[in-house]
Amino acid sequence: PVAPHLALTPAFASLFPLLPQDVHLLNSARPDKRRLGSLSEVDATVLPPELLLQIRCLVSGLSSLCEHLGVREECFAVGSLSRIIAADLANYGPAKNRRKTAAGRASVVFVDRTLDLTGATGHHGDNLVEKIISVLPQLPGHTNDVMVNMVELTALQNEEKNQSMVAPGCLAQSNDTAARALWEALLSTRHKEAVMEVRRHLVEASSRENLPIKMSMGRVTPGQLMSYIQLFKNNLQALVNHCGLLQLGLATVQTLKHPQTAKWDNFLAFERLLLQSIGESTMSVVLNQLLPMIKPLDQRTNDDYSPEELLVLLIYIYSVSGEFTVDKDLGEAEENVKKALAQVFCEESELSPLLQKITGCDSSMTLTFQKSKIAADKLFASLQDIAGARNLMKQFKSVYAPGNHTHQASYKPLLKQVVEEIFNPERPDPVDIEHMSSGLTDLLKTGFSMFMK
């Protein structure tokens, strides 16, 4: 549990919905059988064993969770992989007996992530936690936690070579009530209030430990927070008592000082501009706006986008745009972006783990323009699949709300649409949220009257 009403499943970080191109892969593995036409025809019987095993592990875990909560669950799905998982949970043998005796009830809604990757790649959130998780390096072996550099609290000089000598801090502070309270406040407040909350907690902790704190009001600066944190430095007992809080404080300081945080507003400005232009212009115009931003290493300044950041922007563009018409102009614009990207990949002095994975090369020395161009072509095939991910939807076809004279165009998260739909009394039977039955009697009920109960 990350917070009282939010739990994550890091063990399933790599479980990702299928894209239209995966249908070709599935077809190539079944030469004698009937060909699958689209993702809507995919069911558990055609999936590779590795993927089935991951799904079965997830289902087993969710069934145990429902048992722990003492609920009889009804399963609903939005999207093709969700349908397979929801059906698996609905028909899971051990769960059927458990449901007969469960006292409570719950509705479990599965949603394919690929239906809306705009939320995952956008920089819309005015939230400190979002920034911390985006800019600080990942904690090795974890998918949701970050490394907080703790050198400042030691007697070592804050130099590069000392970074690996001190064990990193992290965000998860499950045994520290004060730190957990601060973390929950950070999750749910806006950036400005969150930073003030960090200051308040540090001030309270230092006065509790009788540390010589100099109070200062007004705007919170990273320097001010750092001066409070350093008061704990030579006091071992105070350090031990407030270790969790100090890790969150240092995470805040390191995020506020991080060059990436300064670039946050550039991303936000480009995304807003993009939302305005989607309504008025074609995809080729949008890609041509991106083209001058693709710069090789020797031409980039700190304000320019790195290859990874360009990929994030491309996913945002294709996910928020949704289905679009392919014409000659778009073909040309995509080709230009592919060439520019391929060139940028080739000229990197060092390939990041992500670029190594995409290009299939361990070092920039072995990466030729040809290999780089093949990687860019594959990349765009995936982007087109992401844009077409909502094609099978009838209701949730768009995550884009066009602007008018009074409102700017905006992004409307798919999860928000799904929840509004569930609680909308006007429309009893949404078409895109399917109810998965576990037996004949359930088939006789209409899909959505289930939620009403």
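This is a predicted model: local features need pLDDT of at least 70, side-chain atom pairs count only at pLDDT 80 or more; totals for chains, interfaces and linings use all residues.

Reader: How many helices and strands does the protein chain have?
Author: Helices (H or I, at least four residues) and strands (E, at least two) are DSSP runs, numbered from the N terminus. Here you get 20 helices and five strands. The radius of gyration, taken over C-alpha atoms, can be set against the globule rule, 2.2 Å times the number of residues to the power 0.38. It comes to 25 Å, close to the 22 Å the rule gives for 453 residues, so the chain is as compact as a globular protein of that length. Along the principal axes, the C-alpha atoms fill a box of roughly 75 × 60 × 50 Å.

Reader: And what share of the residues counts as buried?
Author: Buried means under 20% relative accessible area, exposed over 50%, and partly exposed in between (1.4 Å probe, protein chains only). In this chain, 45% of the 453 residues are buried.

Reader: Where is Asn-210, and is it buried or exposed?
Author: Look in the loop between α8 (191-208) and α9 (222-230). Asn-210 has a positive phi of about 55° although it is not a glycine. With 71% relative accessibility, Asn-210 counts as exposed.

Reader: Now salt bridges. How many does the count come to?
Author: The general idea first: side chains of opposite charge can pair when their charged atoms come close. The rule here asks for a side-chain nitrogen of Lys or Arg within 4 Å of a carboxyl oxygen of Asp or Glu. That gives 17 salt bridges. One of them joins Glu-41 and Arg-34, at 3.5 Å from N to O. Glu-41 is partly exposed at 34% relative accessibility, while Arg-34 is exposed at 58%.

Reader: Which residue does Arg-99 pair with, and are the two buried or exposed?
Author: Its partner is Glu-73, with the closest N and O atoms 3.0 Å apart. This pair links distant parts of the chain: Arg-99 sits in helix α4 (residues 93-101) and Glu-73 in strand β1 (residues 71-78), 26 residues apart. Both Arg-99 and Glu-73 are buried.

Reader: What about Lys-338: which residue does it form a salt bridge with?
Author: That's Asp-377, and the closest N and O atoms are 3.4 Å apart. Lys-338 lies in helix α15 (residues 328-347) and Asp-377 in helix α17 (residues 369-387), so the pair ties together parts that are 39 residues apart in sequence. Lys-338 is buried, with a relative accessible area of 11%, whereas Asp-377 is partly exposed at 31%. Salt bridges with shared partners join Glu-335, Lys-338, Lys-373 and Asp-377 into one network.

Reader: Which residues does Lys-338 touch?
Author: Leaving out residues up to four places away in sequence, Lys-338 touches Lys-373, Ala-376, Asp-377 and Phe-380.

Key. Residues are numbered from 1 along each chain as its sequence is written. Side-chain values use heavy atoms; hydrogens and water are left out. Contact means heavy atoms within 4.5 Å.
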